[in-house]
Amino acid sequence: MTNSIVEYMGQEAVSKNIQETLGKKTPQFIASVTSLVNANEVLRNAEKKSVMLACLTAAALDLPINQNLGFAYIIPYKNKKGEIVAQFQMGWKGFVQLAMRSGQFETINVSDVRSGEIGDESRNRLTGEIVFTWEKDEKKRAILPVIGFVAYMRLINGFKKMLYMTSQELDKHGNRYSQSMKKGYGLWKDDFDAMASKTVIKLLLSKYAPMTVEMQRATLADQAVVGDNDYDHEYVDNETPTAGEIANHKEQKRILIAIKEAKTLKELEECREAVGDDGVLSAVFSRKFDQLAQEKI
Amino acid sequence: MDFSTYLFHCSGLANLMVKSKTKDDPLSQTTKSYLRDIFIQEVYKRKKYTDSKYTKKGTMVEPDTMDLVKTVTGKTYFKNNKTLANEWITGTPDIITLESIKDVKSSWDLWTFAEVTEKKARDDYYYQLLGYMWLSGLTRAELMYGLVNTPEFMVEDELKKIYLLNRLVGDFDVEKYKPNYIFDDIPAKERLKTFILEYDQLVIDAIKTQIEYSRAYLGSLSL
């Protein structure tokens, strides 16, 4: 077979690079890359270098690339030039694995949270901690709707922290950071729970955990088409909104707040021009107008 | 393409008003270079890439700066989206009130904010605001500079860049640079500078003359 991944990895310079990075583990690496690519037709057509570098990143972190294990994924993506490239993605288990390996964690875990397991009154505003009332009956729990995900860690030195995000917040996060989710496909669509679990654990670790070199490398390479060095990573599936979109969103929020806070019709009138022909703002404006008119203020 | 009625953007008027060093030529080299960019953009539909983190932050935090204005002055202003035009220029002022035009600028950090003086503000934005006054018929403009927090993901990007560079010299603690992008600890009053600019018909006449020369120059350009 011409131009196969095996042939590519057999090229002198490439083979030397793999040998230098992995040493004795090279034959095992070549076998797992070959089996990964053979099992995925799209990946077979992806740019060879990106496949090899993505797999090499996983191997350097000592994480298996067998997709069924959930530690790390190699995902084919079409970049802006229309070429298929391979993207490296950490799984939540991969982050847990790296954390535990650092020797600084006593425990780290992630869980979905079902309806009824959290209430407003159980939040501690000061510590940010939430008291969960877990449903003990697994059968009953399985049919309850998932309302969010929580990640928890406790270090050997006693430091502990949790991070909870609602399903809506996670959905928003996915929409913001994944172009493919916006278009209705990709890991966020196919396996929301896995991506949600990974998001809470990644955010928890990146905010509060001691960052080992391995963890930093994993965080940088996650969701990137891996380059020859850390400077060259290209984040193909990330798309932040434009500066203008962010500003428009903030401005709409400001107008909404001003309408809601208006105490007199005169104050409300000052918002009229800013409301323009925006449907949502117009509706809120009309309701407030009626309310203030009834109160004759 | 006919440039005899071309409308110049207020934000670019300063480029037309750069003094020429040659007596016989009313247009400076800076002006000509600016006009060449317009020519390429209008005729060949290619726009030069000029985006930067400073302008990105400026755009993104404009509503936050308006909130800062509210905190300091007690007045609520909303962003104007109406583009004004006459037979010479066009532009979209940030805020239009019954009394004045207001333009909001957001500084990148404490250092750039500290550099803002009345002279610098005038040098950078006088013609733009004069253009807005001309378009709106108002005779007073307020140029407001605010210092507000940088959006979180931009801070993360900056810290990531610093990390990548600093690790080469063994400095892995990038968190110490985070306060450079967050300003909540500084009183709001200290984070807002306002400069008043007045309408001047003589300068407007000078702008009109430069626009006539510039339109003629645009009409004479080729690749």
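How many salt bridges does the rule find across the interface of chain B and chain A? In this predicted model, the answer is four. One of them pairs Lys82(B) with Glu273(A), and here the closest N and O atoms sit 3.3 Å apart.

As for which parts of chain B do the touching, helix 3 (53-60), helix 4 (62-73) and helix 7 (152-166) of chain B each give two or more residues to the side that touches chain A. Helix 4 of chain B provides the largest share, five residues. Sorted by class, that side of chain B is made up of 10 nonpolar, eight charged and two polar residues. In terms of plain contacts, 20 residues of chain B meet 21 residues of chain A.

The size of an interface is often given as the accessible area lost when the parts come together. For chain B and chain A, the buried area is about 1800 Å², with carbon and sulfur atoms giving 59% of it.

Turning to the backbone, most residues other than glycine have a negative phi. Asp62(A) sits in the loop between helix 5 (48-60) and strand 1 (72-78) of chain A, and its relative accessible area of 43% makes it partly exposed. Chain B has a case of its own in Lys45(B), not a glycine either, whose phi is positive at about 55°. Lys45(B) is found in the loop between helix 2 (29-44) and helix 3 of chain B. Lys45(B) counts as exposed because its relative accessibility is 62%, and the cut-off for exposed is over 50%.

Key: Residues numbered from 1 in each chain as written. Chains lettered and ligands numbered in written order. Predicted model: local features only at pLDDT ≥ 70, side-chain atom pairs only at ≥ 80, totals over all residues. Heavy atoms only, no water. Contact = heavy atoms within 4.5 Å. Buried area = accessible area lost by both parts, 1.4 Å probe. Salt bridge = Lys/Arg side-chain N within 4 Å of Asp/Glu carboxyl O. Helix = DSSP H or I, 4+ residues; strand = E, 2+ residues; numbered from the N terminus. Nonpolar A, V, L, I, M, F, W, Y, C, P; charged D, E, K, R; others polar. Buried < 20%, exposed > 50% of the residue type's maximum accessible area, 1.4 Å probe, protein only.
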